[in-house]
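Colleague: I am new to this structure and would like to learn how to read its features one at a time. Could you take me through them, giving the general idea before each case?

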Amino acid sequence: MLVVSISLLIGVFVFNILLVNQRPRFVEKDEKGVIPENLDETLKFFEDKSEKIPVFAQPKKKKRQNLIIVAHGRSGSTFLGNIFNNHPSVFYLFEPYQTVERLVPFQPRNSQDYRDTAFGWMKGIFRCDFVSSTHVDDLQSYYRKEYPANYNPFKSLTLLSPPFCIYNTTDRRWSLESCPPLDRDTMDDSCKTQYSMTVLKVLISRMPDTNLKQLLTICDTDQFDCKFIFLVRDPRGIIPSSKAVGFYGDNDQVLLNGTQRFSQEICDATYKNLNIIRYLGSQMKKRFMLLRYEDLAVNPMEMLPKLLDFAGLPEDESLTRWLYLASHSPETENEQTAARWRQDSKQGAERWRWKISINSPEQQPVEFRRVDSF
């Protein structure tokens, strides 16, 4: 009996050292030399501990990566967005706030309905969860509609490529007829498993309260990561371009009240959002890139590696070739007809200067508002 007791004590001693790496504690006998009755409980304690010791540490699940391009309309955001649209690792969506506008029509940007709908939709996109069949049907109606012959329909190459279409858009057999209706399960699965990053282009005028606050709230989570590119352009380039496409109009051609109001709105919104960024903590500020459209348009090939490095995306040869073509005018008339999306990006950024002189009454309120805001 004594030999058995001694062996059992030695076993507990060794077990203690090997499994829990604690300082050994001897089981003491009472005055009569009898092992305490609670020894079985002691052994059970060590058995429970040994079952909980992991053999291998579980690797951390990689967070979903998201990049949001924030800009005013007519500021070069489509050009910047298409750089990421043509990257093979990117799930790209063009202006997803348009879905919110169609789901809750005629709602002001500061209404609770608009805020709530936008919050659920954007949070879902960041998680590769496209919320409901209603949301997906809206994307279907937007991305699958027929465009004029002179319009580039490829606003989201992701949704116009396999598995959403039979052929790639570069295949001559590709057509909208080769693309079956979108469905939520395929979108969720493709986003999660085939693309490492989701990139969105959003316009400030469509954001809730026309500012970054809701997006920053959504991105304050451990579920996914967000980065932002805040794109700015000289407002003197934004304003005539916006007027030309009908974003606003002037009822009075002398006082130009529409131009004054529009210039004030975009400058105030830019100033307000830059102030939000300015007062972020240092870690959150690292998630922002401030980019001038003019710098991108003048040197797109030089800017490309910087954009990809900030986003955390690898360089891609096919993207580099596309960007060169997209930023240089075609050399022949036939090429121009076949690829209307090609233009000299530097000339495009400066085109407004050729159309409006510095003494034009249309420029005077713009310059005043710009200086007043900044």
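Predicted model: local features only at pLDDT ≥ 70, side-chain atom pairs only at ≥ 80, totals over all residues.

Colleague: Which residue does the side chain of Lys201 meet in a salt bridge?

Modeller: A salt bridge is a side-chain nitrogen of Lys or Arg within 4 Å of a carboxyl oxygen of Asp or Glu. Here the partner of Lys201 is Glu95, at 2.9 Å from N to O. Lys201 belongs to strand S3, whereas Glu95 sits in the loop between S2 and helix H4 (97-103), so the pair ties together parts that are 106 residues apart in sequence. Helices (H or I, at least four residues) and strands (E, at least two) are DSSP runs, numbered from the N terminus. Glu95 is buried as well, with a relative accessible area of 8%.

Colleague: How many salt bridges does the structure hold, and which residues do salt bridges that share partners join into one network?

Modeller: The structure holds 18 salt bridges. Through shared partners, Glu95, Glu101, Arg109, Lys201 and Arg206 are joined into one network. Elsewhere, Arg236 and Asp234 meet at 2.7 Å, N to O, and both of these residues are buried. Another case is Glu317 with Arg321, at 3.2 Å from N to O; both lie in helix H14 (residues 317-326), four residues apart, about one turn of the helix. Glu317 is exposed, with a relative accessible area of 60%.

Colleague: How should I read the sheet, and what is the order of its five strands?

Modeller: Two strands pair if DSSP finds at least two bridges between them. In this model an open sheet of five strands has the order S2-S3-S1-S4-S5, with parallel pairing. Strand S2 (90-94) and strand S5 (288-292) are the edge strands, each pairing on one side only. From one strand to the next, the twist averages 20°, with axes taken as lines fitted to C-alpha atoms, for helices over the stretch in contact, and angles running from 0 to 180 degrees between N-to-C directions. Helix H10 (residues 257-278) packs on this sheet, touching strand S4 (224-232) and S5, and its direction makes about 140° with that of S4. Within the sheet, S1 (residues 64-71) and S3 (residues 197-203) run parallel and are joined by seven bridges, and Gln65 stands opposite Met197 in S3.

Colleague: What should I look for in the disulfides, and how many does the structure hold?

Modeller: A disulfide is a covalent bond between the sulfur atoms of two cysteines. The structure holds three disulfides, each counted as a pair of cysteine sulfur atoms within 2.5 Å. One joins Cys128 to Cys191, with an S to S distance of 2.0 Å, and the torsion about its S-S bond is about -55°, so this disulfide is left-handed. Cys128 is in the loop between helix H5 (112-126) and helix H6 (133-143), and Cys191 is in helix H7 (residues 184-194), 63 residues apart.

Colleague: Is the link between Cys165 and Cys179 left-handed or right-handed?

Modeller: Cys165 and Cys179 have a torsion of about 105° about their S-S bond, so their disulfide is right-handed. Cys219 and Cys226 are joined at 2.2 Å, S to S, and with -80° about the S-S bond their link is left-handed.

Colleague: Finally, which residues have the most contacts inside the largest nonpolar core?

Modeller: In soluble globular proteins, nonpolar side chains tend to be buried together. A nonpolar core is a set of buried Ala, Val, Leu, Ile, Met, Phe, Trp, Tyr and Cys residues joined through side-chain atoms within 4.5 Å. The largest one has 74 residues, and those with the most contacts inside it are Leu80, Phe84, Met122, Phe126 and Phe228. A second, separate core of six residues includes Ile239, Phe262, Ile266 and Cys267.

Notes
Residues numbered from 1 in each chain as written. Heavy atoms only, no water. Contact = heavy atoms within 4.5 Å. Buried < 20%, exposed > 50% of the residue type's maximum accessible area, 1.4 Å probe, protein only.
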